[in-house]
Every structure is written in C-alpha cells, then in structure tokens.
Amino acid sequence: MINGKKLIALCASRIYDLQIFNYIQLLNRTLQEDSCALMIFTINNDIYWEEEMIPAETYIFDLLPYEDLDCILILDEKIKSHTISNRIIDRAKDADVPVIIVDGHYEGTTQVSFDYASGFETVTRHIIEHHQVKRPHIMAGLPDNFFSDQRIEIFKKVLAENGIPFDNSMLSYGHFWADPTKVAMQKILKRDVIPDAIICANDIMAINVIDSLQKAGYRVPEDVLVSGFDGYDEVFFTTPKITTASCVIPLLAEASGKLALRAAAGEEIQDTFIEPFFIPNESCGCESHASSTQSLVSSFNNNFYRHQDDMRILYEISSNMETSSSLWEMASHILNYKTWYSLTIINRNIFELKDNYFMTESDRDHTPDFHLLFDSEYAEMKYQETGRQDEAPLPKELFFDTEVNTKETVLAGNYRDRIIKLTDSKYPLIFSALDYMNKPIGFECFFFPDFTITDYSRASIVTNAISMGIGTFINLQYQRHLLKQMDDMYKHDALTGLYNRLGFQKVFQEVRNKEENQGKPFTMIMSDLDGLKYINDNFGHAEGDRAIAAVASALTESCPKEALSARFGGDELFSVIIGECDAEAIAKQIDFLLEDFNLHSDLPYTITTSTGIYTATLGDDLDIMKALKTADDKMYTIKRLKKEQPKPGAAG
C-alpha cells in the first residue's frame, strides 16, 4: 500500500495481444471500484516453457516492490515459465503478499481458471448428441499431456453414454499445432471411410482439419462436422466459422479482480473456476455466430497501418541515441511523440568505461544503481520552454546526484515519488525491462492516459528501441574509450607518461595551428638527468628508469598544466609552454622538487638535472627542431659546467 492506496501487480506478457489487452481493461475497471492502483510487469515475448534459457527481459519480474504490494496476479499461461512464476511466488511468500494464479496452478496459491473439462464436454455433447453423429473422431493434443488426456477421457465418456463403442481408430494426435495436425489428417484421408465428425482439442487444430478436408474435396459441415476449443478470434474468420467454447483470458478478468480486492483486504480467498462460453457455429451445421468481427478487423487494420510508421521513427530515435557523443545528448534523443507518457530508469553503472558492462560474465558483477534518466513530461515541457532538445531529458542533478540506489524495485531511489504520483491516474502503469545483449540495463515505465491498443503495442517497440539505443551507445563509447587508450599509448612514452616524438609532433601542430596562439611567447625547457650512465652501471637499469621518471615528474609538476611535455628518448626531457611564463622560476622549481625527492627517497644515489631554456615567438616560421637543438646546447653547457665543478655527493 502506498499513500493509503492499495497496490496490485499483474505479471504478464505480450500486453499488446488483444485478449490480454481486454483482460487488463476489465481487470482495471474492477480494481478501480475500490480505488486500487494497477501496476503491470510485462515481457514482450512468451518463453514457451524453455526453462533453461531465461531471457534478460524477465528481469522486470525481479523489480516488483513486494514491500508495497497488496496482491500479485500472475498470467501463468501467458508468461509460460514455471521458473519465473515460482521465483515471483517465493519472493511474495517471503514478503507475505498473496498471489493469485490466473489460468494455472501452483501449490500454496489461489487460482482463477477455466473449467476446461466442463467446457470441452459441452462441445463434445453438442456434436455427438445434438447432431447425432455416428463416426466421431477426436484430434487430441500432445500425447501424455494433462489437458489432452483429460479431453480424450471426456470424449470416451460421452461416447459410452451414447452407446458408441470407442476404439483407437477414433483417436489422432495433432500436438495442439498446425503441422502435426496436417500429418494426422493425411492418414485419416487415406481411409476408405472417414469420420462424420472431428472434435478437436483446440481451435488451431480445428482450422487445419478444415483446411485439410477442403483441399481433399470434402465439405464442412455437409460431409464432416468439425469443432474446436478455446475460442480464438481466428475462428470467426474461417470458412465456415468454427464451433468452439470460449476460454479467452478476458473472461477471467472480473473474477481475478474481485479475488485480488478480497486478498488485498486481508480476506480469505478460494480457487475460482469459470465455465467456458459455448459458441455453436457453421462448422457443425448451426447458425452463424459472427462475434465482434468488425471491431476485430478495425483493430487489426489500425495496428497494421501504424506499424511501419512506428518502426521508421523508432529506428531514427535508436540511431540518434547510438551515435551521440555524450550521455546527456543520448538521453535527449529519447524525446519524441512516440515516447510520450514514459520514464526511462537506468543502472548508472553501465556507463562506467573501465569495463564493458556487456562483456562481463554476469550482470551481478555490478552493484546496480538505478536512477531516472528520462521523463517525457518534463522533457516536453522543457523543450517547449527552451526549444532545445539537449536540455530536455530531466534536471541533470537527478541523474548525476551522488546518492547511490542499490534497491532493485520500481519504487525506489530518485524516481519513487514520481511513480507514486503516477499511480493517482485511473489507468495502469506498465513496466518493461530494458536489456541489451541479453543483459538487463534498467526499465521503462509507461503511464498512458487512456486504453488504446496501439499505445500498448507501441510500448513494446519503444522499449526495444531505447534498449538498442542505450546498449549500442555504451558499446560505441567503450570502443572510443579503447581507441583513445590505444591512441594515448601510441602517443605517449610508457615510462614517463610524457608525449613521445610522434605524439608531441601531432599535438604541437594542433596547438600552433590555432589562430589565437599565433604571436604568443614560446618557451622550451629542456631537462636532462645528470649521471644516468653512473646510475645504470652501478645500480641497474631499473634504477636508471626510476631516476628518469622522477625528473619527468618534477618537470611536469613545475610547468603549467597546459604545457606540452615530451621525452624523445634516453634522459632528455622537455616541455613547451605557449604564453607568458617565468622559465627561470620553473627551472628552480624542478631543482627544488628533486632535492625534496632525494631527501625522502633514501636512494643510494642523488638525482639532479641540467636545464636549458629557449624562448621565441610562436609563428609559422618557428622551427621546432631548431628550438630543440638550441635548448639542448644550452642544457649541455650547464651540464659541462657541473662536471667541471661537481657538487659533493653528486652522482657521476
């Protein structure tokens, strides 16, 4: 419960499917009678019971805010994963949240399901008793499947009660699917006498039975009666329309909604079974039953004609996100009328460039840090005010604040208050996982202000587009990061970190080409380690490298930050400074830093350096190699003087 409002979660898949969309509308209507808020957690694809490979988009079911929920509904037959359903059930049990399974059954939960046995018996009796067939046949589903075996037993029972002996020639298996049904029909059609009625265990098989009969020259229902079961929309578009019993998910909506309200109120609830709605139709010789075909056609057309437009625009959004140069520019490209009524919440850690998030073995290697990245309402308002999309995603401080959010729910962190406010709407909030390369990166929240199936359909492809945009942006940023590292390695000296010859020449050329630098003072400070040979010969080359690195550090610390420091080889190091500077003070600072280093390093030798200075004016006529030669000559003059008058304790 939040702010005195009961909170119901629905776990589903493919909410753009017409049946599930209608279920959500009816469920929400029931919950609104008690002012409950509905939160929908959805994946965009059925898993089809493939328990060994659980896709990353199911991560959304890990984000349920159990401590705030009053009841959870699971559309088990739509998610199609015992692993996922059990995971939700176990966590709900730990949080003492009641769970209702819609169209399924799990130990310790309450179920709302169809009375499939009663519904199939109604269809079977109608074919055998009402139409008085003599040679009925059953097209069952999968062998050794509970629902298939149950329907076979019902078929046998009705035959026995009507004095028709059963034998195995009356049974075929269509595996609940098209191709196996067609194979089974080829065997039936080779018989001398074919059945006068084929009772199918679902509508898909009934459609393919009719197709096989008609292609073989048989008429339905004149030669063979056919019936289905489930009540799929497709049965109203076949010729003839198919007799069936409706087990469509919207019929469960009101019952599951009322159970959820009772559970949320702390009342005891019991399993509820709903009788499927029998629909006699043309395929068994009854009058035509057209259902709401006109509204279905209108819905299908609407989805079809909008699909290409949505895909084109969302492709542009993804492409713009992918090729952005910064995180904020990337986020700004989410703004589009196709992404209205949405929030984008992201794990901030995925943008860390030290590792590629998608190349690590497990997403659990990263502690999550969820933050709001994009809010369409704020973005649209900001865009209207400024006319600038790059300022639009949301106040930057919300995403870049220092507070870490490690709580993995959709009601946490800096987005909790925003989402709680959205629950005041009379419409559901929809949550989908953002994932890329099968790794979760965050989630999307949609808060549509109406029930429109095209919005629900678009939510799926918006989620995919944003996932693709963010994921590819991260990969490209990481590639740029690696290229920069490689470029830095190519341009810099490995020992000192200073520019090498090629690196210096490239960056110096860029600096001298800038118009604002022309005519400025140019200073080169050459610093050469004294006694390198002595150190190498007596203490080893590793100590010689340490001494060179110490001089390089003193040089860079003494020069301005914008100075270009380089090592062309050996122990000759230099810095170039564009603009006014006190070169003599820099030289003294180098000596001071090395004296301090010697004092605290406890080395058996002393590190000193000789410094040569060359000054000029930066212009096209400046010869950098001549400048190096001049500074080098001055440095060697100082070095020679030092050798003639060696200081006590000096190496070499």
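**Notebook: salt bridges, a sheet and some cysteines**

I started with E121, which forms a salt bridge with K157, their closest N and O atoms being 3.3 Å apart. For my own notes, a salt bridge is a side-chain nitrogen of Lys or Arg within 4 Å of a carboxyl oxygen of Asp or Glu. E121 lies in helix 4 (residues 116-130) and K157 in helix 5 (residues 146-161), so the pair ties together parts that are 36 residues apart in sequence. Helices here are DSSP runs of H or I with at least four residues, strands are runs of E with at least two, and both are numbered from the N terminus.

A reminder to myself: this is a predicted model, where local features need pLDDT of at least 70 and side-chain atom pairs count only at pLDDT 80 or more, while totals for chains, interfaces and linings use all residues. Residues are numbered from 1 along each chain as its sequence is written, and side-chain values use heavy atoms, leaving out hydrogens and water.

**Entry: how covered are the partners?**

I looked up E121 and found it buried, with a relative accessible area of 19%. K157 is partly exposed at 36%. The cut-offs are under 20% for buried, over 50% for exposed and in between for partly exposed (1.4 Å probe, protein chains only). Salt bridges that share partners also join E121, R125, E129, K157 and E161 into one network.

D62 counts as buried at 14% relative accessibility, whereas R87 is partly exposed at 28%.

I also checked R418, which forms a salt bridge with E377, again with closest N and O atoms 3.0 Å apart. R418 is in helix 13 (residues 416-422) and E377 in helix 11 (residues 376-386), 41 residues apart. R418 is buried at 17%, and E377 is partly exposed at 43%.

I traced an open sheet of 10 strands with mixed pairing, in the order 11-5-4-3-1-2-15-16-13-14. Two strands pair if DSSP finds at least two bridges between them. The edges are strand 11 (272-274) and strand 14 (370-375), each pairing on one side only.

I then followed strand 1 (residues 7-13), which runs parallel to strand 3 (residues 71-75) and is joined to it by four bridges. I8 stands opposite C71 in strand 3. Helix 3 (residues 82-94) packs on the sheet, touching strand 1, strand 3 and strand 4 (99-102). Contact means heavy atoms within 4.5 Å.

**Entry: a hairpin**

I found five bridges between strand 18 (residues 564-569) and strand 19 (residues 572-578), which run antiparallel. R567 stands opposite L573 in strand 19. Two residues lie between the strands of this hairpin, and G570 takes a positive phi near 60°.

**Entry: cysteines**

How many disulfides does a search of the whole structure find? I found zero, taking a disulfide as a pair of cysteine sulfur atoms within 2.5 Å. For C200, the nearest cysteine sulfur is that of C284, 12 Å away. C200 is buried, with a relative accessible area of 0%. For C559, the nearest cysteine sulfur is that of C581, 7.7 Å away. C559 also counts as buried, at 7%.

How values were computed
Axes fitted to C-alpha atoms, helices over the stretch in contact; angles between N-to-C directions.
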